[in-house]
Amino acid sequence: MRFSLLSHHLALAAVLCVSASCFAQEQGDQPPQGTPPAAAKDAPKDAKDKPSFPALPRDAHVEQSITVDGKPLKYTVTVGTLPVRNADGKVAGQVVFTSYTVPGADRPVTFALNGGPGAASVYLNFGAIGPKRVPFGEDNSSPSDTPTLVDNPGTWLDFTDLVFIDPIGTGFSRSEVSEAESKKLFYAPTADVNYLSRIIYDWLLKNGRMMSRKYLVGESYGGFRGPRITRYLQTQLGVGLNGVVLVSPYLNPSITDNGDLSPLPWIVTMPSMAAANLERQGKLTSASMKDVMDYAEGEYATDLIRGSSDPGTKDRMVAKVTQLTGLDPDFVRAEGGRIEPRVFLREVHRKEGKLGSVYDSNVTALDPFPYNRDQKTSDPILDTIIAPLTQSMVNFVTQTVGWKIDARYNALSSEVGRMWDRAGQDERSGSGTQLRQAVAADPKLHVLIAHGWNDLSCPFMGSVVTVNQIPQATAQRILIHEYPGGHMFYTRPGSQKSLKQDARELFTSH
C-alpha cells in the first residue's frame, strides 16, 4: 500500500489540466569547454527550444490595513522577484514572492511554502496565515462562485512578518533554462531544497533582515521541505532558524509502503477514518481520539503482526474497525480489517452516491461514475479550490498590488509534477533524518507539527510514529498537535484559531 499527498497531487493535476509553467533561457549560451561533439551538435536545437519571455515587472508595493483582535494593523504588501543562478552565475530562474511587513523594531520574519510539489503558496497565504483569506475547501463549495477576499482573523501578521515563496513552476515563478536543465536545477528533492534555501538567504540579505528572528512554515510537501531547508540553512548557508511549523507534513513518504507485510500503513491511516466517523456523530474530541490511537498502537498493531497465526485476530479486527469507522461489517470483513483510503472514500458515502475527499473525507461531492469499479473523477476539494484561489491571487497581485504581469498563474502545476525526479531514493527517505539533526544541533530550536484528524493524504499518525522514534532529549522540543478538519484544517475557524495560538506559543519560546 502506498497512498500519499504527493502521488495524489500528481494524478489529480493531470485531470485538472492546471496550466503549464513557463520556461525560458538566455539565448546564445555556448556549450562548455570539453563538450562531446554529439552534445555540442544538440546545443543549437536546445537553444531553439527555449521560448523567450519579457522581463518580469519590478517589485511593487501597496499599503493596507486590517483589524486583528480589535486593534488596527497597518502593513506593506510587496510582490517581487529573486533570481536563481546556476553554477556559472547566470540567471536560471525567477522566484516570485509575496511579503507582508509591519513597521517596528525586532519583528520576526516567517517564510512560507506549500507543497505538491507543484503547488504555489497561495493556500497558506489566502487560506491560513496571511492577512486576507478566501473561504474554500468546504462541503458544497462551487468553483464558479465569485471569490471575495476578506480580513483573516487567523493571520499571524500581528506577531511576525510573512514571506510567501512560490517555487519555480508555481504561481508566477518561472524557469529560464531548458526543460533538461530545469529538471537538474529545480525539479528534484535536493536541488529544490538548495535553491529555496538560497532564496530565503537572499531575501534576508536584500531586505536587511539577517539579524531578525527567523521561522519557517511548510505545508504538505512543504513539510517535507521544512526540516531539509532548516538543516541546509544551518550547515551550508549559516542561517539559524528559531522555529519551524510543519502543517500536514509529507514527512515520511515510505511509511505507507508494503501493506501486505508491514502493519504501519494500516496503523497510520485507520485513525483518520475513525476521526471522520466520530466527527459525523458529533463525538470527535481529544479524549475519543486518544482511545483510537491507543488501539492503533496496541491491539490493532499486534493483531496485524500476528496475522493468520492467531485465528482470532480477524474477528477482533473486524469488530473493532467496524465500530471505529462506521463501515458495513461485511465490507470490513472482506477487507480483512485493512481499509485502503481510496476504497474508504467511496464506501463511506456510497449510499449517498458521493465521494469523500482524501484531504477531508467528510467533504464530499457527487460521484459522476457511481457504478465504476474504480474512482474515475478527481478530488472533491481540489476540484473546487483551484478556481477561487487562482482568480483571487491574480486579481490581488495585478490589480491591488499593481504588479502588472501578462502570464499564467499556476496554483497547482501538472508540469512540475510531470518533470519531478523520482528516480532515486532521496524523496522516499523522507525528512525525519534532517528533523532529528536540525533539532539536535540547536538546543533552542522548537518544532510544531500540525495535523487535521480527518486527513488521509498525510495522516497525522504518520508524524506520531515518526517522532516516537526520535530520542526523547530532542523529541521533547517537537510538538504534535491535531485539530478538527483535514489536510487544510485551517479552513475551519476553530482549528485556525487553535493553530494560531499554538504557533504564537512556539514563537515566544525562542
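**View 1. Helix α9 spans residues 313–325**. This helix has 13 residues and reaches 18 Å from its first C-alpha to its last, close to the 18 Å expected at 1.5 Å a residue. The expected span is 1.5 Å times one less than the number of residues. The model is predicted: local features need pLDDT of at least 70, side-chain atom pairs count only at pLDDT 80 or more, and totals for chains, interfaces and linings use all residues. Residues are numbered from 1 along each chain as its sequence is written, and side-chain values use heavy atoms, with hydrogens and water left out. Helices (H or I, at least four residues) and strands (E, at least two) are DSSP runs, numbered from the N terminus.

**View 2. One face of α9 is buried**. T313, M317, V318, V321, T322, L324 and T325 are the buried residues. Seen down the helix axis, they fall within an arc of 165°, so they line one face of α9. The arc is that of the directions from the axis to the C-beta atoms. Cover for these residues includes α7 (264–280), α8 (286–306) and α10 (329–334). On the other side of α9, A319 and Q323 are exposed. Buried means under 20% relative accessible area, exposed over 50%, partly exposed in between (1.4 Å probe, protein chains only). G326 follows α9 with a positive phi, near 80°.

**View 3. Y300 belongs to the largest nonpolar core**. That core has 95 residues. Y100, V122, Y123, W156, Y300, W403 and Y490 touch the most other members. Such a core is a set of buried Ala, Val, Leu, Ile, Met, Phe, Trp, Tyr and Cys residues joined through side-chain atoms within 4.5 Å. Not counting residues up to four places away in sequence, Y300 touches W266, I267, M270, Y295, M317, V321, G337 and R338. Contact means heavy atoms within 4.5 Å. A second, separate core of 46 residues includes I168, L204, L435 and I470.

**View 4. Strands β1 and β2 form a hairpin**. β1 covers residues 60–68, and β2 residues 71–85. The two pair in the antiparallel sense over nine bridges; pairing requires at least two DSSP bridges. A60 has V79 of β2 as its bridge partner. Two residues lie between the strands, and D69 in the turn has a positive phi of about 55°. The covered face of β1 carries A60, V62, Q64, I66 and V68. H61, E63, S65 and T67 make up the uncovered face.
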